[in-house]
Amino acid sequence: MKVMKFGGTSVGTPQRMKEVAQLVTKSGEPVFVVLSAMSGTTNSLVEISDYLYKKNPDGANEVINMLERKYERHVQELYTSEETQAQTRDFLREEFSYLRSFTKELFTSFEEKSIVAQGEIISTNMFVNYMKEQGTKAVLLNALDFMRTDKNAEPDPVYIKEKLAAAMQGHSPEQGEEPVQVFVTQGFICRNAYGEIDNLQRGGSDYTASLVGAALNAEEIQIWTDIDGMHNNDPRVVEGTVPVRQLNFDEAAELAYFGAKILHPTCIQPAKFAGVPVRLLNTMDPSAPGTIINNDFIPGKIKAVAARDGNVCIQITSSRMLLAYGFLRKVFEIFEQNKTSIDMICTSEVGVSVTIDNTTRLEEIISELKKYGTVQVDNDMTIICVVGDLRQNNLGFETLACEALKNIPVRMISYGGSSHNISFLIHKEDKQATLQALSKVLF
Ligand code: ADP
Ligand code: ASP
Ligand code: MG
């Protein structure tokens with residue numbers, strides 16, 4: 001079975017939903033569909049939550065009313081039968097009265113998570129109602145029944161596999177009955193270890209698709225979005241980028257983690273472990289080839305460049321590090337104790353520089369580090385990641401990348417941590433120039 005995930009733009013209007021319905025029934029094979037919220041909805045739900053945090057129920061109600069009017073128009077456009085329209089209107093009435101109920105209550109992150117979950121709940125219900133109206137045997141499986149994270153907020157693959165199988169089993173056809181053609185579930189949303197409604201972070205529907213694909217040992221996981229596959233540079237920043245037709249799992253994971261927004265940062269991992277290929281496809285141009293992500297490795301090629309903003313660079317210098325052992329352990333322990341993960345690392349005989357993107361405990365970290373040396377902090381840094389065959393015997397590529405940046409003030413360079421990545425740390429204001437320079441030299 002194939003898993004097909006459609007992002008916000010792909011289900012962003014009733015017309016698009018109709019096109020998605022055609023795509024998922026095209027092969028005639030049973031498929032498992034994961035949907036995002038219609039584009040803009042999650043942002044509106046976050047805005048509603050912001051108003052409620054600020055104790056401004058009028059602001060929240062205004063956004064709720066606007067959203068409700070939008071969905072009212074969608075119902076008219078999407079369905080032809082009065083019966084399905086009435087059924088969907090009843091469902092939406094309940095949804096919006098649920099959203100309004102929060103304007104009277106104490107507001108915490110628990111309530112916020114329940115609110116932001118409604119985008120995917122609405123899109124999947126509307127889609128399944130449409131498929132049924134079209135005569136397709138479609139079944140909605142509630143992601144909250146099988147998608148769960150553990151105490152470390154990591155997905156729990158054993159639980160997911162077991163509960164998903166049970167949920168699907170519940171729809172096995174009786175004798176003489178048609179089998180289910182399309183299973184549909186919500187991306188992004190889950191329950192946490194305490195059974196509360198939670199989510200897999202913004203953009204997390206890709207992660208849902210990958211976890212479902214791994215749990216089902218799917219034939220392929222398809223991520224349908226608004227562009228023809230992974231491009232060789234960030235199309236939001238650089239002109240003239242082109243699709244990369246094949247990526248190794250590790251290359252794709254690196255690009256996703258370091259800012260290629262087309263994929264959620266951690267979504268490649270479950271697919272890689274299960275050995276399920278991932279295909280990136282374009283809903284706006286379904287016949288375009290897209291990008292296949294699998295175990296193949298094409299030697300001698302630089303594949304793509306990505307950029308991730310929002311990093312802080314911390315440098316600790318100390319003459320005590322000179323010829324001493326155990327210094328780095330003390331430094332890294334401080335990050336561990338503060339539950340802050342490090343992305344880039346560079347060391348010299350008298351100092352070490354690291355980058356972090358979670359600054360919640362920055363003050364505590366700096367204060368502890370000062371016991372071991374002089375600490376310097378640079379904010380607003382961007383990591384630029386060049387991905388491809390960067391094994392040491394693939395001569396010249398690291399030189400080319402460095403040569404491209406000859407006019408850019410580079411703060412850190414990291415090479416050799418893996419055989420498919422070289423990373424540069426630069427100031428955010430140099431991002432566009434850096435990405436352009438790399439495109440020019442590498443592609
Ligand atoms: P969806 O809502 O379908 O999940 P996203 O907006 O999350 O879609 O991801 C698709 C977007 O990712 C594209 O429109 C594009 O602007 C952006 N993007 C950033 N880097 C890349 C890249 N290297 N290749 C392709 N798209 C990229
Ligand atoms: N709807 C969520 C978001 O906008 C999840 C997703 O689309 O992947 O972030
Ligand atoms: Mg996305």
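Predicted model: local features only at pLDDT ≥ 70, side-chain atom pairs only at ≥ 80, totals over all residues.
**Entry 1**

Eight strands make up an open sheet, and reading across it I get 3-4-2-1-7-9-10-8. I noted the pairing as mixed. Strand 3 (138–141) and strand 8 (246–248) are the edges. Each has a single partner strand, so one side of each has no neighbour in the sheet.

**Entry 1: one pair of strands**

I then picked strand 2 (residues 31–35) and strand 4 (residues 182–186). These two run parallel and are joined by five bridges. I followed one residue across: V33 has V184 in strand 4 as its bridge partner.

**Entry 2: a helix on the sheet**

I checked helix 7 (residues 157–169) next. Helix 7 lies across strand 2, strand 3 and strand 4. Its direction is at about 145° to strand 3.

**Entry 3: ligand 2**

Which residues are around ligand 2? I listed S36, T42, E120, F188, R202, G203, G204 and S205. I sorted this shell by type and got one nonpolar, five polar and two charged residues.

An N or O atom in the side chain of T42 is 2.8 Å from a nitrogen atom of the ligand. For R202, a polar side-chain atom lies 2.7 Å from a ligand oxygen atom. For G204 the polar atom belongs to the backbone, and it is 3.4 Å from an oxygen atom of ligand 2.

Last, I noted the cover. On its own, ligand 2 has 260 Å² of accessible area, and the protein covers 86% of it.

Terms used: Residues numbered from 1 in each chain as written. Chains lettered and ligands numbered in written order. Heavy atoms only, no water. Pairing = 2+ DSSP bridges. Helix = DSSP H or I, 4+ residues; strand = E, 2+ residues; numbered from the N terminus. Contact = heavy atoms within 4.5 Å. Axes fitted to C-alpha atoms, helices over the stretch in contact; angles between N-to-C directions. Near = heavy atom within 4 Å. Polar contact = N/O pair within 3.5 Å; in protein donor to acceptor, adjacent residues only side chain to side chain. Areas by Shrake-Rupley, 256 points an atom, 1.4 Å probe, with all protein chains shown as cover. Nonpolar A, V, L, I, M, F, W, Y, C, P; charged D, E, K, R; others polar.
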